[in-house]
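Visitor: I am new to this structure and would like to learn how to read it. Could you take me through its features, with the general idea ahead of each case?

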Amino acid sequence: MTITIRPASPADSDAIWDILSPMIRAGETYALPRDWTREQALAYWLAPEKQSFVAQKDGQSLGTYYIRANQAGGGAHVANCGYVTAGWAAGQGIARAMCLHSLEVARASGFRAMQFNLVVSTNQRAVRLWRGMGFETIGRLPGAFRHPEQGEVDALVMYRRL
């Protein structure tokens, strides 16, 4: 079946939490507090300055992403996104579909580029996908992410003009 992506609504809160919670608790890919509550995570993900989306297949939520301006003022023409695929749905093209969708949303919203500020270097699956989607590594932040098992690892800044 086809992956559909639609704007998130308050009715999606349980599904979004089910997707975010394992990622937050693992602490391997996002610089978010591992002890965040459901309310804190949802407040972050669904914050008013973000447009949030849910990816579904056969009516089941498999992933979520948000898009926002990376910076205010003079940097507001560059988009920033965060993507999370449900662990059990990995390898089904969900992240790729969300990224393609976000690129379309970014263009339609007037953004001129997209930047990922902190791609954990050990998240090789994401690094490969973003490179395959046309993102370049424009910076490496040595030891900028404290991985729960590997210690301090590099973070990448990835960028793509639209």
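Guide: Let us begin with pairing: two strands pair if DSSP finds at least two bridges between them, and helices (H or I, at least four residues) and strands (E, at least two) are themselves DSSP runs, numbered from the N terminus. Here strand E6 (residues 136-147) and strand E7 (residues 151-161) run antiparallel and are joined by eight bridges. Arg-146 stands opposite Glu-152 in E7, and a hairpin of three residues leads from E6 to E7. Please keep in mind that this is a predicted model, in which local features need pLDDT of at least 70 and side-chain atom pairs count only at pLDDT 80 or more, while totals for chains, interfaces and linings use all residues. Residues are numbered from 1 along each chain as its sequence is written, and side-chain values use heavy atoms, with hydrogens and water left out.

Visitor: How many helices and strands are there in the protein, and in what order do the elements run from the N terminus on?

Guide: The protein has four helices and seven strands, and their order from the N terminus is β-α-α-β-β-β-α-β-α-β-β.

Visitor: Which residues of helix H2 are buried, and what covers them?

Guide: A residue is called buried under 20% relative accessible area, exposed over 50% and partly exposed in between (1.4 Å probe, protein chains only). In H2 (residues 38-45), Ala-41, Leu-42 and Trp-45 are buried. Seen down the axis of H2, the buried residues fall within an arc of 95 degrees, so they line one face of the helix; the arc is that of the directions from the helix axis to the C-beta atoms. Their cover includes helix H1 (13-26), strand E2 (51-57), E3 and E4, where contact means heavy atoms within 4.5 Å.

Visitor: Is Asn-70 buried or exposed, and where is its place?

Guide: Asn-70 lies in the loop between strand E3 (60-69) and strand E4 (78-85), and with a relative accessible area of 7% Asn-70 is buried. Apart from neighbours within four places in sequence, Asn-70 is in contact with Val-78, Ala-79, Asn-80, Gln-115 and Asn-117.

Visitor: In which helix is Ser-102 found, and which residues does Ser-102 touch?

Guide: Ser-102 belongs to helix H3 (residues 94-108) and counts as buried at 0% relative accessibility. Leaving out residues up to four places away in sequence, Ser-102 touches Tyr-65, Ile-67, Cys-81, Tyr-83 and Met-114.
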